[in-house]
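Dear colleague,

I am handing over the structure we spoke about, and below it you will find a short account of what was found. Please read the two side by side.

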Amino acid sequence: MILAIVLYAFTALLVFDALRMRGRVSRLPLLGDSQDAPTHDVIAAPGVTVADATRRAASAHMRAHGLDVLDLVPRDLPAIRAMTLAQLVDPARYKDDRLAPGRTAGHAVALSPELAARARADQPADDLAFARLATRLRHYGPAELAIAPAEHARRPAISARYETLRCMLGPSTPMALAALPVLLALLALGIYARPIPGLIAVGAWQLQPVIALAGTHLRPRDLVPVAVLRAPLELILLVRTIASRAVSDPAARRDEYARAVETGLARFHEPRRETCPVCESRELVVHLRHGDLFQHKPGTFSLERCRACGHIFQNPRLSLAGLDFYYKDFYDGLGEAGMEFVFGFGVGPYLARAKMLADRAPKRWLDVGCGHGHFCVAARAELPGTKFDGLDLSESIDEAKRRGWVDTGYRGLFPELAPELAGRYDAISMSHYLEHTLDPRAELAAAHTALADRGALLIEVPDPEFKLGRLLGRYWLPWFQPQHLNLLSVKNLERLLRERGFEPVTWHRGAAHQRVDFFFASYLLLDRLAPSPRLPWRWRGGAASVWRALVWTLGSPLIFAGIIVDNAIGPLLSRARVSNTYRVLAVKTDAAPTP
């Protein structure tokens, strides 16, 4: 009886999901006719020729709606691709959500000449290059997707499908692909245990393409075959997609990493420190020791805890060569798409930080460690009169400037650049930055220098005193080895702020909690059991790819369970005085920093 109720509820969920997709497809604008000369560029996927009528219509639509980017959706887009697009794109929100990952139908994109120059948009060489370009462009200006009636869909190369999906889904790609076999297994179990409700659920799933697409502005030519043969067609596509993951061997990158470690790993670490960097006590004990769970690069890292003040820090810490090695291909290069997805997941935390200074209405704000500038572009909605500048050590700051997400970008180390920025800013933010730095005291001193009198400093960092950190052990995200070098408790950060001439005025603990603990613990566990075999520093054969697909398919329920637990306990933690993250707003005082 219970299983039957579950199956009927699942049927209702499938129908609701199909109606949701239908609503999204119905909200995609349909390009009309225009006789005006086009004023926008068009970049098409290889093998696609965009009709002149489409170019005119797209340009007219973009002028009328203030768009810089328009992804063109062929009217006869195949059913499975159309449903995938409907799952990923909410037209009501897409234009205004600058942080969200870009989406594409894989056909062609129209863009303004100014944006094309700023984004360095060139004609792509293959389908994957087109997908990367089309998804990247949405971050450079107002973007939308529209149905182009005169266009006919072309079948893209299957060899690029996995990486194309990854451009849009980021790190969640394995989970998204694992959803299909899990769903089919549940439907098969339902038919076996409860044939009537099980068959009804299967029927609802089979008819989803018809419910979602029939009678809309899209006209998939394969709608009926997909509705009848959906299960085998989707399974064949899934197998071919996973097989396409075996991209060509990046031999040059493999050689580069091999050379980096051929003399050993000793140069990646400084000598071990004998005293605590906060209180100089010699009472140090090992808190945690493990390898790189994120990129799976070689090496073992130790977090030590000071028994006197409780400070937790990496010891021995990474050297400059180590920072370069372990950061490489994490925020940029091979890891750029994944990090773009993570940082663009939602504007909530960014707006919460900006609201802490809303009553001060700062005229100039410097975001230190700003990356691509996600915080800056989100905070403009809360503080439209504020000029947002960014500072970062990597080339991501150059990209932030190209996107227009920061007004001015500085590249380099904050303590070294601070003298030329002296007294220039009303507000400075350091969000999930201080824990990455070699010397938090030097960073706070730099902030004191760059701030104007009574300027405000906003800091957000992980809370190492959060009890789940001990429960989840190495799988607790904020331990984040080898990148997190100093994990400051509330007490120790307050101490350092006062030493450096700041007065803390507002603390957010529960309000700063991020609902990610069990999700990331599950993710890191599965990724440790079956890491990607296609990384230049740990290249593996085909068997490793099969093992990864099996582990992620069977383990996907663990991921979803983690999401459920995080969201169940999240509201409780948000109202409490404990959390995995805390924020502090401090004001620069007249007192001179302690030497």
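**Strands, cores and salt bridges**

Strand 8 (residues 364-368) and strand 9 run parallel and are joined by five bridges, where strands are DSSP runs of E with at least two residues, helices are runs of H or I with at least four, both numbered from the N terminus, and two strands pair if DSSP finds at least two bridges between them. This is a predicted model, in which local features need pLDDT of at least 70 and side-chain atom pairs count only at pLDDT 80 or more, while totals for chains, interfaces and linings use all residues. Residues are numbered from 1 along each chain as its sequence is written, and side-chain values use heavy atoms, with hydrogens and water left out.

Within this pairing, Val-368 stands opposite Leu-391 of strand 9. Strand 9 (residues 387-392) is mostly covered, five of its six residues being buried (buried is under 20% relative accessible area, exposed over 50%, partly exposed in between, with a 1.4 Å probe and protein chains only).

The largest nonpolar core comprises 68 residues, and Leu-31, Leu-70, Leu-72, Val-73, Leu-137 and Leu-213 have the most contacts inside it; such a core is a set of buried Ala, Val, Leu, Ile, Met, Phe, Trp, Tyr and Cys residues joined through side-chain atoms within 4.5 Å. Helix 3 (residues 79-88) gives the most to this core, with seven residues. Apart from it lies another core, of 36 residues, among them Val-278, Tyr-425, Ile-428 and Val-461.

The structure also holds 29 salt bridges, each a side-chain nitrogen of Lys or Arg within 4 Å of a carboxyl oxygen of Asp or Glu. One of them joins Arg-272 to Glu-304, with the closest N and O atoms 2.8 Å apart. This pair links distant parts of the chain, 32 residues apart, since Arg-272 lies in the loop between helix 13 (251-261) and strand 5 (284-291), and Glu-304 in strand 6 (residues 300-306). Arg-272 is partly exposed, at 37% relative accessible area, whereas Glu-304 is buried, at 4%.

A further salt bridge brings together the side chains of Arg-380 and Asp-407 (3.3 Å, N to O). Arg-380 lies in the loop between helix 17 (374-379) and strand 9, and Asp-407 in the loop between helix 18 (396-403) and strand 10 (408-411), so the pair ties together parts 27 residues apart in sequence. Arg-380 is partly exposed, with 22% relative accessibility, and Asp-407 is partly exposed, with 27%.

With best regards
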